[in-house]
Each structure stands twice: as structure tokens, then as C-alpha cells.
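This report describes one protein model for a reader who is new to structural work. Please look over the sequence and the structure shown below before reading on.

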Amino acid sequence: MKAPLAALLLLSQHLMAQQPVADGVEMADRLRADGKIWVVVAVIAAVFTGIIIYLIRLDRQIGKLEKDVKEKKTNYSL
């Protein structure tokens, strides 16, 4: 069972491999030529920064809630 599956997997990787692009990526070359690649980089950086800030705030809020739950649990057990 494993041998035919492995053979099929290896064969499918060879068949579905992408052909190398001789000219490069046209869209990226065009953005670089126009100087707009920095706009793309800035937008991606802004999105990642927003995600990081959101995760940090969420972690703080969850930590605060966990602390409150732990304090209430110890108060009720007394």
C-alpha cells in the first residue's frame, strides 16, 4: 500500500512542477520599474504591524482575564 502511494506522490510532483520563467515575473518587474514596489512593501509591513499590535493587545487582555478568574477562584474557595 505504501509503495504505490509513494510512487504516485513522486510521479505527481514531477508532473506538476512549474516550468522556469525565463523573463522573470512580469508584474514584479513592472512594479520595480515604476518604483511602486515600495508601496507594496509598505502596505505589507503595515498589515503585519497591525496584526502584531492586535496580538499583543489580545494577549494582554487574555492575561488580565486569566488573572481575574484565578483571583475569583481563590476567593470562592476560601
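How many salt bridges does a search of the whole structure find? The search finds one. The model examined here is predicted, and the salt bridge joins the side chains of Arg-30 and Asp-34, at 3.4 Å from N to O. Both residues belong to helix 2 (residues 26-34). Because Arg-30 and Asp-34 are four residues apart in that helix, about one helical turn separates them.

| Residue | Relative accessible area | Class |
|---|---|---|
| Arg-30 | 56% | exposed |
| Asp-34 | 39% | partly exposed |
| Leu-55 | 46% | partly exposed |

Arg-30 counts as exposed because its value of 56% is over the cut-off of 50%. Asp-34, at 39%, is partly exposed, since that class lies between 20% and 50%.

Leu-55 also takes part in a nonpolar patch on the surface.

The wider setting is as follows. The protein has three helices and zero strands, and its elements run α-α-α from the N terminus on. Of its 78 residues, 1% count as buried. The protein exposes about 7900 Å², and carbon and sulfur atoms supply 67% of that area.

Confidence in the prediction should also be considered. The protein averages a pLDDT of 82, and 78% of the residues score at least 70. Among the elements, helix 3 has the highest mean pLDDT, 93, whereas helix 1 (residues 2-15) has the lowest, 70. Where pLDDT is low, predicted coordinates should not be read in detail.

Technical notes. Residues numbered from 1 in each chain as written. Predicted model: local features only at pLDDT ≥ 70, side-chain atom pairs only at ≥ 80, totals over all residues. Heavy atoms only, no water. Patch = residues over 30% accessible without salt bridge, like charges linked within 9 Å, V, L, I, M, F, W, Y side chains within 5 Å. Areas by Shrake-Rupley, 256 points an atom, 1.4 Å probe, with all protein chains shown as cover. Salt bridge = Lys/Arg side-chain N within 4 Å of Asp/Glu carboxyl O. Buried < 20%, exposed > 50% of the residue type's maximum accessible area, 1.4 Å probe, protein only. pLDDT = per-residue confidence, 0-100. Helix = DSSP H or I, 4+ residues; strand = E, 2+ residues; numbered from the N terminus.
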